[in-house]
Structures are given as structure tokens and as C-alpha cells.
Amino acid sequence: MAGIGRLSTKGSVLLLCDMQEKFRPNIFQFTNIVSNAARLLQAARVLGIPPIVTEQYPKGLGPTVPELGAGDLTAHAKTKFTMMIEPVEKELKALGDPKIAILCGIETQACIACTTFDLLEKGMEVHIVADAVSSRSQTDRLFALSRLRQSGAFLTTTEAVLLQLVQDAKHPNFREIQKLLVKPSPDTALLAFFSSL
């Protein structure tokens, strides 16, 4: 059923936005955000979902942090506040124009927001992994998530994504995904967001 936000391994892409070294000391919950994104990347590899990585002005902001586990991927350098730059557009085209984007990274009110708007305008379904996105300010993060939800993006969590992608304990890759779920996702202070709904 279209429009309800059902995840599928087919036609999905994992977008990993700007999780770079210079952001480490300033981004709220940075370590936990990257930890969740790293689990998503591990799951994507197990399930055959292609990942795409960007870096915002890497000359000044440094490389993608090693704990993400994306060292083998080509990071697309950018200056725009969207991941939808020409090399990423070409990569999406080469992947057969996926219909579902699973989006994580930083910052929520900037590159995550602009990427979401661009993807929605392209007709893609966008799933923002709320416990795998953040900002320098919790206020910016929470208001951006609220705004993006209003625009039509689906808000979800790391564990929800992993379980919804396999959908069944009989899935051939369930045991590998289950290993990623042994420890619950770290708290990234989202309860304040939901208490305001």
C-alpha cells in the first residue's frame, strides 16, 4: 500500500549525511547518533540496501568519523545543504531510482531538512530515523523533526527500521539483524519531542 510508510528492502536506499569529525564536539548526542547510524549501515549491508554517504565541506569539517564504518564507501563532498547534489543524483539513477529513502545524519534543521524536501519533491518516500539525526541545538532538532513530519516525511527509529525491513523472524537474514538489536538503541533525548505532540 502506497503512502502508509511501509519499509521494504526493495527500492530503498540508506542516506548517511555529513557525520564528520569537526561536528563531534558540537552536535547534541553525537556519539549515540553515529552509533545508531552505524547499525543502520551494518543492516543495510546485510540486507542489500545500497548506502550513500556525503560530507559537508570536508576540507574544513574533516572526514566522516571512522566509527560509522563507512570507510570503504565513496563520500560525496558538497557545499549545499542537501545531499541531492549531481554525483548523488547520478548514483540514485544508477541504482534504478529507489522510491524509499532511509535518512540519518546531521544537522536536522539544515542538511537533513533540505535533503528531505528535495526527496519529497522527487516523489520519494522519506523515513527520517529520529534517533540517528541531530543538531547542535535540541530545539533546532525537535522543531525540524516536527516540520519535516508536517511536510510528509515519516519519523521512525533505528530498531523500528531494522525490524520492519525483515518483517519476519523467518527472514533469512533475521539472525544477523537480531545481533544488531541485542542492546537497545541509546537514548537520544527524543521524549521531549513526543511529550509536545
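## Starting at the edge

Let's begin at one side of the sheet: Gln56 has Lys78 of strand E3 as its bridge partner. This is a predicted model, where local features need pLDDT of at least 70 and side-chain atom pairs count only at pLDDT 80 or more, while totals for chains, interfaces and linings use all residues. Residues are numbered from 1 along each chain as its sequence is written, and side-chain values use heavy atoms, with hydrogens and water left out.

Two strands pair if DSSP finds at least two bridges between them. E2 and E3 are joined by four such bridges and pair in the parallel sense. E3 also has two faces: His76 and Lys78 sit on the covered one, with Ala75 and Ala77 on the uncovered one.

## The whole sheet

Zooming out, six strands make up an open sheet with parallel pairing, and their order is E3-E2-E1-E4-E5-E6. At the edges are E3 (75-78) and E6 (154-156), each pairing on one side only. On average, neighbouring strands of the sheet are turned by 25° against each other, direction ignored. For such angles, axes are lines fitted to C-alpha atoms (for helices, over the stretch in contact), and the values run from 0 to 180 degrees between N-to-C directions.

## Strand E1

E1 (residues 12-17) runs parallel to E4 (residues 100-106), and six bridges join the two. Within that pairing, Leu14 stands opposite Ile102 in E4.

What packs on the sheet, touching E1, E2, E4 and E5? That's helix H1 (residues 30-47), whose direction makes about 135° with that of E5 (125-134). Contact here means heavy atoms within 4.5 Å. Helix H6 (residues 158-166) packs on the sheet as well, touching E4, E5 and E6, and its direction makes about 140° with that of E5.

E1 is also joined to E2 by four bridges, again in parallel, and Leu15 stands opposite Ile52 in E2. To get from E1 to E2 the chain passes through H1, and this β-α-β crossover is right-handed. In plain words, with the strands pointing away from the viewer, the path from the first strand over the helix to the second runs clockwise.

## What is tucked inside

Why is E1 largely enclosed by the rest of the structure? Because six of its six residues are buried. Buried means under 20% relative accessible area, exposed means over 50%, and partly exposed is in between (1.4 Å probe, protein chains only). In a regular strand, side chains alternate between the two faces of the sheet. In E1, Ser12, Leu14 and Leu16 point one way, while Val13, Leu15 and Cys17 point the other way.

The largest nonpolar core holds 59 residues, and those with the most contacts inside it are Leu14, Leu16, Leu68, Cys104 and Ile128. Its largest share, nine residues, comes from H1. Such a core is a set of buried Ala, Val, Leu, Ile, Met, Phe, Trp, Tyr and Cys residues joined through side-chain atoms within 4.5 Å. Leaving out residues up to four places away in sequence, Leu68 touches Leu16, Met19, Val34, Ala37, Ala38 and Leu41.

## Leu7, before the sheet

Leu7 belongs to the segment before E1. Is Leu7 buried or exposed? Buried, with a relative accessible area of 2%. Its contacts, not counting residues up to four places away in sequence, include Ile100, Ile102, His127 and Val161. Leu7 and Leu163 are 156 residues apart in sequence, yet 9.6 Å apart in space, C-alpha to C-alpha.

Most residues other than glycine have a negative phi, and most peptide bonds are trans. Here are a few spots to look up.

- Gln29, in the loop between E1 and H1, has a positive phi of about 65° although it is not a glycine; at 25% relative accessibility, Gln29 counts as partly exposed.
- Asp97, in the loop between helix H3 (86-94) and E4, has a positive phi of about 55° without being a glycine, and Asp97 is partly exposed at 29% relative accessible area.
- The peptide bond from Ile106 to Glu107 is cis, with omega near -15°; Glu107 lies in the loop between E4 and helix H4 (108-121).

## What the record says

UniProt, in an unreviewed entry, places the feature "domain: Isochorismatase-like" at residues 12-159. UniProt positions are in the numbering used here, feature names are shortened, and annotations may be inferred rather than shown by experiment. In the model, the end C-alpha atoms of residues 12-159 lie 17 Å apart, and the span is 41% helix and 24% strand.
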